[in-house]
Amino acid sequence: MQLQIRNLRKAYGATIALDGVSFTASAPQFVCLLGPSGCGKTTLLRMIAGLAQPDGGELRLGTQDLTLVPARRRGFGIVFQSYSLFPNMTVAQNIGYGLRIRGDAPERIKARVGILLDMIRLPQLADRYPWQLSGGQQQRVALARALAPEPKLLLLDEPLSALDAKVRTELRTEIRSLQQQLGILTLMVTHDQEEALTLADRIVCMRQGAIAQAGTPEELYSRPTNRFVADFMGLSNMIAPEIVRRLAPHLLDGDAPEADRIACVRPEDIRLDASGTGARIQQVQFLGNLSRLRVDWPGGELIVEETGYTQLRPGMEVGVAFKADRCAWVSAS
């Protein structure tokens, strides 16, 4: 089953929410719609769900024109940031709600609920109410409720943003595992690049109602095509061509960059040599799994990351080396 989006447009008065968005996605892909607040990612998800109508463009699932199908008949599962569980229903009743509305037989509902309770690892909590659950448990139940009717498409609108960091990390692993087991096409809205890198088969990075770049997590991180994506997908060092020619000519790899291009070098792709010269360490931050250093270099400030604990200290003079094969030339604008 393939979701096809072609030149989708939406405006709210003078504000352009979507400006000609186009991409395709197929089961069993996990696609993350990534971008800052106001970039149009939630508007796009709501259009796919049928909760908002486009001003123009095409939206199809297989051969079906979704713009002609009301939300209740699209057969999609949706999980929102707020858990939206029914407080007067037990966990089992919440999960089975969509099946009861559809008119499934009680035996079928009971069997399906049992399967999903096992999948989300909460079979012992079937008779509890939402207020008796933790935030992570409530979101697991919301996910199971969305999956109960066996939807054609699963839509997730920042489902983890209300959870604390540890629970968020655990739950995104579980969501990915569950999605892979079911093989369901999934689209998730997030503003968290680490979340997108962890979960997605493909990332659609959005800016100001348009797609800045779409591709695999590796492509967007290692080979961004523009400065916005390079900055949004993690820390990066942007080095102007004239600085590269003077201080790190090997990054050119024999080719002069096109006009309006700038070198993007990730912090982990820079090596500091304690026996070298030419740069000075300004700051060292120990972050547990890595150390982040700010280095004063003739070409400007560099951010460098080293695995684990570093022996380097502020004030030390060091040499700087770049991994040429990890340099990406991106649009400067």
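The model is predicted, so local features need pLDDT of at least 70 and side-chain atom pairs count only at pLDDT 80 or more, while totals for chains, interfaces and linings use all residues. Residues are numbered from 1 along each chain as its sequence is written, and side-chain values use heavy atoms, with hydrogens and water left out.

**Exercise 1.** Find how many residues the largest nonpolar core has, and which residues L156 touches.

*Solution.* A nonpolar core is a set of buried Ala, Val, Leu, Ile, Met, Phe, Trp, Tyr and Cys residues joined through side-chain atoms within 4.5 Å, where buried means under 20% relative accessible area, exposed over 50%, and partly exposed in between (1.4 Å probe, protein chains only). The largest such core has 45 residues, and L156 is among those with the most contacts inside it. Counting contacts as heavy atoms within 4.5 Å, and leaving out residues up to four places away in sequence, L156 touches F30, L45, V79, L143, I175, T186, L187, M188 and V189.

**Exercise 2.** Decide whether the ring pair of F86 and Y97 is stacked, tilted or edge-to-face.

*Solution.* Rings of Phe, Tyr and Trp (its six-membered ring) pair if their centres lie within 6.5 Å, and planes under 30 degrees apart count as stacked, over 60 as edge-to-face and the rest as tilted. The centres of F86 and Y97 are 4.6 Å apart and the planes stand at 50°, so this pair is tilted. F86 is partly exposed at 28% relative accessibility, and Y97 is partly exposed with a relative accessible area of 30%.
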